[in-house]
Each structure stands twice: as structure tokens, then as C-alpha cells.
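Please view the sequence and structure first.

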Amino acid sequence: MGYARAVSTRGFSEDELIAAIRKVLSGDAPGVVIGVGDDAAVVEAGAGEQVLTTDMLVEGVHFERSTISPRDLGAKSIIVNISDVAAMAASPRYALVSIALSPEVEAAWVVELYGGMRAACDEYALTLVGGDLSRADAVVISVTVVGEVASGHAVTRAGARDGDLIVVTGTLGAAAGGLALSRTHPSKAAEAFGKPWGRELAEAFARPVARVGEALTLAEAGATAMMDLSDGLAKDLSRLCLESGVGARVELAKVPVAQALLESAGLLGVDPLELAIGGGEDYELLATIDLTDVERARDELDERFGVTLTEVGAIIEEGLVTVDADGNEAPLEPKGWDHFADGT
Ligand SMILES: [Mg+2]
């Protein structure tokens, strides 16, 4: 750990870069015994169980430096990990960050990246306790987050039962719309940014929200299985069903397509429902819950967070199917966000 192997970056000496990065890392925080600066961080173990996750963002695979600001990228790299911890119904506590920089990266870009990370950590009461910095051909950002949950209270992907309702928080597809917007012709993008929906889509893609409190609320209300939607409803629901050993029937007319995406469809030339089901990076929660618990869950999410909870279908014994408004059934293709394909 530490920043001993920092690379020299344009405009800054190695020591200056380390000093600048240290400034944006967290200082003293509850539970931190020894923070940044020693060989390793020391933190107090909480009373329950620890929840650990890590996620890697690779330039050219998960992001392009031309389509996201370093501040947004830094925040997003933290938030996607928080989202995974939240999806277990846990609270995020500590983060470790390792970054590889390519030679053409400006020092100011790195400082902005850390600034975004710091802002996200502050927003979610997460303490950045250390990390590493190195050189590579492309920028790589690897974040590890440690959270905690009361013993036995983590909500997994494996608990869905035949007959449970399938629910999602918020709306879907806005982040995929934002990505499409970032890749569209500059003249179309300029037109879109003049509209509220254009800015909303861009914001959804650049600054996702991790549903921490919402996940705890869903767990308390009786969610039987839960995960965050990082790769699209179709793909993520198929993963949940696989882990639970069940199938799903999704009612297409009920899928909560983001309003901004509906408004953008003409200009961007996209199918909103397709993006809502197959597009990724919404970071909304996908959960299954018993019919008798869903109303309470919906009321509490609305009351506490002003967040909607929408039933999109039901768990069945086996198979993955969609049904349209006319009752026509079709297989739910578990396709979606594949970072090893073309990134769409
Ligand atoms: Mg996840």
C-alpha cells in the first residue's frame, strides 16, 4: 500500500503528485486506527459481518477519457462499488484505490479524479484509507470497498422463490441513453444538451446514484433476493434467477422506462424499451419480494427516499420470458452490457 511507486506525470514531480493525492484522501474517521501513510491501514472490525467488493475500470473498455470528466469518473468508480455493497443490504465503510496512469495523463487530471473520489466518499460516509499508483499503457482504476452488515442479514441473489414479485427501484435506461448521447454526432449532442432530457441522460451516465438506504429498506421489508443493475435488467435478472434456481416472467409494459430516454428516442434513434432492458449502468436495485410485503416496501421507499418501486413481473418455476401488452410471450434474451463485446 502507499504511493511509493508513483509515476512521474506531466507537469508534476512524483513527490508533488503524491502530496496532491494525499490531500484529497480522508484523514481521521470513525473506525480508522491507522489511515494513509503506513504500510497498511488498520481499521476496527464492526460488530456484524464484513462485506467486500472490488471493481476495475479500464480505459478503452469501461470508459473513454474523452466522454467523461475526471471528477465524474472518480466519483463513479467509488459509487459503483458502493452500489455492490448496498445490494447486499450492507453499509459501506472503507475504500482502497489503485490507479495505473498512462504517460499522456496530465497531473491535473489525476488530482481531479481523486477529487471526485473524495466527494463520493464524503457523500456516502465512506473512508478512503489507502491505495497504490503505478504506470500502464492505459488508465486503470481499481477500487475495493469494505462494508458491514448485521450477521446473517446480507441479502443475496439466491433467495428468490416461485411466486415472488420482481421489483426495481427508480427508472431504467437513462444511463444507456447518456452513453448513446456521448457517442452521437456532435451536432445532435449539442441539440440534446439544450434540452432538459439531454442533460438528465448525461448526468445519469456520469453520476449514478448508489441506493444504500433504499437497499436496507427493501431488506427490512422482506426482499428475498437482491442485486444492483449494472449490466441491464435482462442480463442481471437472468443471473439472479440462475443463482436462485428459478425462472422469471417480465411484463414489458410495466418496465419503468426513464422519461428522459422516451423523450430522446427520436433524436438519438434508439429504442427506449430495448435500452431500459438491455442497457447497463443504471445502478438501480433489482429485488424479489413476497406479494404480502411489496406494498410496505413501496410505501417506505416513497416516504423515506421519494424513490419509486415498480413491479415488473414475477418469479416462475423455470425459464425466462417476456410478455407484451397484448399477451404475446417471447424468450427474455439475457443480453445486455458486455464489456468484452462492443461496450454497448
Ligand atoms: Mg452488482
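At 2% relative accessibility, Asp228 counts as buried, a term for residues under 20% relative accessible area, with exposed meaning over 50% and partly exposed in between (1.4 Å probe, protein chains only). The model is predicted: local features need pLDDT of at least 70 and side-chain atom pairs pLDDT 80 or more, while totals for chains, interfaces and linings use all residues. Residues are numbered from 1 along each chain as its sequence is written, and side-chain values use heavy atoms, without hydrogens and water.

Asp84 and Asp228 are the protein donors of the magnesium ion; donors are N, O and S atoms within 2.8 Å of the metal (3.2 Å for Na, K and Ca), and sites may look incomplete because water is not among the atoms.

| Donor | Distance to the magnesium ion |
|---|---|
| Asp84 (OD) | 2.0 Å |
| Asp228 (OD) | 2.0 Å |

Asp84 belongs to helix α2 (residues 70-86) and Asp228 to strand β8 (residues 225-228), so the pair ties together parts 144 residues apart in sequence. Helices (H or I, at least four residues) and strands (E, at least two) are DSSP runs, numbered from the N terminus. Asp84 is partly exposed, at 24% relative accessible area.

In β8, Met226 and Asp228 point one way and Ala225 and Met227 the other, and all are buried.
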